[in-house]
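Hi,

Here is the structure I said I'd pass on.

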Amino acid sequence: MAIARNRLPIPARGSSRAICSGVSIFSCSNESTMISTRWLEKRKPHWAKLEVLLNQSSKSGLKSLSRSDLQELSLLYRQTAADLAAIREDRGSVHYARYVNQLLVRAHNTIYSGHRASPKAVISFFTNTYPVAFRRHLRHVALATAIFALAGLVGAVITYQNPDFKVKLLGPQMVETIDRHQMWTHSIVGIKPVASSAIMTNNMSVGFTTFALGITAGIGTIYMMAFNGLLIGVIGVACYFSGMSLQLWSFVAPHGVLELPAIFIAGGAGLRIAQGLLFPGTLPRRDSLARAGSEAVQLLLGTIPILIVAGIIEAFVSPTGLAVPLKFSMAAALFVLLNVYLFGVGRQSP
């Protein structure tokens with residue numbers, strides 16, 4: 001966005017209103033609360049300095065500013081925002097309010113338009129920032145994983161004791177396919193590229209939904225984790241009864257070692273939002289939720305490439321006739337690599 005380079009004139013001190021002297025921001029008046037002249041004189045140099053920095057950055061960009069200039073720009077931006085809030089309390093300071101507001105808009109556009117995602121920043125995020133963020137929120141991911149595992153165990157136990165339960169959850173068509181000792185994934189092989197795209201879209205949809213439902217105080221996120229865990233438990237036992245366990249797990253393993261952890265991480269992100277909403281601590285609830293949302297989004301973003309790779313494997317490798325030992329070996333290698341990445345990379349960071 002182009003930034004106007006003309007200097008905005010600071011309004012003159014003169015005013016038709018009466019101003020009482022004093023050391024406070026506001027002084028007394030019979031008509032209204034007014035800004036004191038002394039306070040204005042103290043603030044004007046800060047506004048002028050902010051304008052100088054903005055003019056400098058408008059010519060050569062933020063890169064032309066030194067580290068100390070950038071820190072001062074950030075500080076002046078926050079102080080000016082507070083000044084504007086104070087000035088708006090005085091109806092007689094309309095000219096000052098207009099000037100400071102325009103200055104603040106320029107500062108906001110300069111600071112945030114100058115933030116561009118570069119290839120180097122993206123690489124740094126995935127090779128350093130993300131693994132550290134994952135470990136920082138490991139307890140949330142672990143809780144999501146535990147919910148999934150517990151629901152899976154419950155589904156397996158119920159189905160083992162009452163085989164008819166699988167019909168209620170899976171539907172008669174899928175159960176009939178399993179009873180015929182057939183996998184429901186053969187159709188993927190003939191349309192691999194299309195299937196891969198559909199699988200990626202579906203997996204990301206599940207991940208984003210699980211994350212977004214954290215705003216329901218975590219109820220929606222817990223439901224998504226529990227339902228998917230229950231589903232895998234029921235399918236596992238249903239295939240066991242039909243003698244298809246090897247077929248099922250050799251299909252699931254190659255992509256599942258990536259897909260399931262990504263879903264667990266998305267669940268952890270949703271639970272982080274719920275924590276910020278329900279337990280704000282010393283922060284106002286809005287600020288707590290904003291901080292939790294920022295951290296949760298960062299946690300979620302790292303699952304995107306994981307789910308993309310999982311979708312490719314699920315379409316091109318999992319349903320094929322590749323030897324079962326090779327599928328399990330591939331799954332083991334991918335799982336080790338994922339854990340090395342999440343738990344080992346970025347250890348030098350604080």
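**Surface patch, one buried leucine and a pocket**

L150, L153, V154, V157 and I158 make up a nonpolar patch on the surface, together showing about 410 Å² of accessible area. Patch members need over 30% relative accessible area and no salt bridge, and nonpolar side chains (Val, Leu, Ile, Met, Phe, Trp, Tyr) are joined within 5 Å. A salt bridge is a side-chain nitrogen of Lys or Arg within 4 Å of a carboxyl oxygen of Asp or Glu. Areas are Shrake-Rupley with a 1.4 Å probe.

Before going on: this is a predicted model, where local features need pLDDT of at least 70, side-chain atom pairs count only at pLDDT 80 or more, and totals for chains, interfaces and linings use all residues. Numbering starts from 1 along each chain as its sequence is written, and side-chain values use heavy atoms, without hydrogens or water.

V154 sits in helix α5 (residues 138–161); helices are DSSP runs of H or I, at least four residues, numbered from the N terminus. V154 is partly exposed because its relative accessibility is 38% (buried is under 20%, exposed over 50%, partly exposed in between).

L40, in helix α1 (residues 37–60), is buried at 5%. Its C-alpha lies 9.2 Å from that of Y96, 56 residues apart along the chain.

The largest pocket holds about 590 Å³ (an open set of 1 Å grid points with protein on both sides within 12 Å along at least five of seven lines, using a 1.4 Å probe; lining residues have an atom within 4 Å of a point). That volume is the space filled by probe spheres on the points, which are joined across faces, edges and corners. Of its 22 lining residues, N228, L231, I232, E259 and E314 are closest to the centre.

Cheers

Notes
Patch = residues over 30% accessible without salt bridge, like charges linked within 9 Å, V, L, I, M, F, W, Y side chains within 5 Å. Helix = DSSP H or I, 4+ residues; strand = E, 2+ residues; numbered from the N terminus. Buried < 20%, exposed > 50% of the residue type's maximum accessible area, 1.4 Å probe, protein only.
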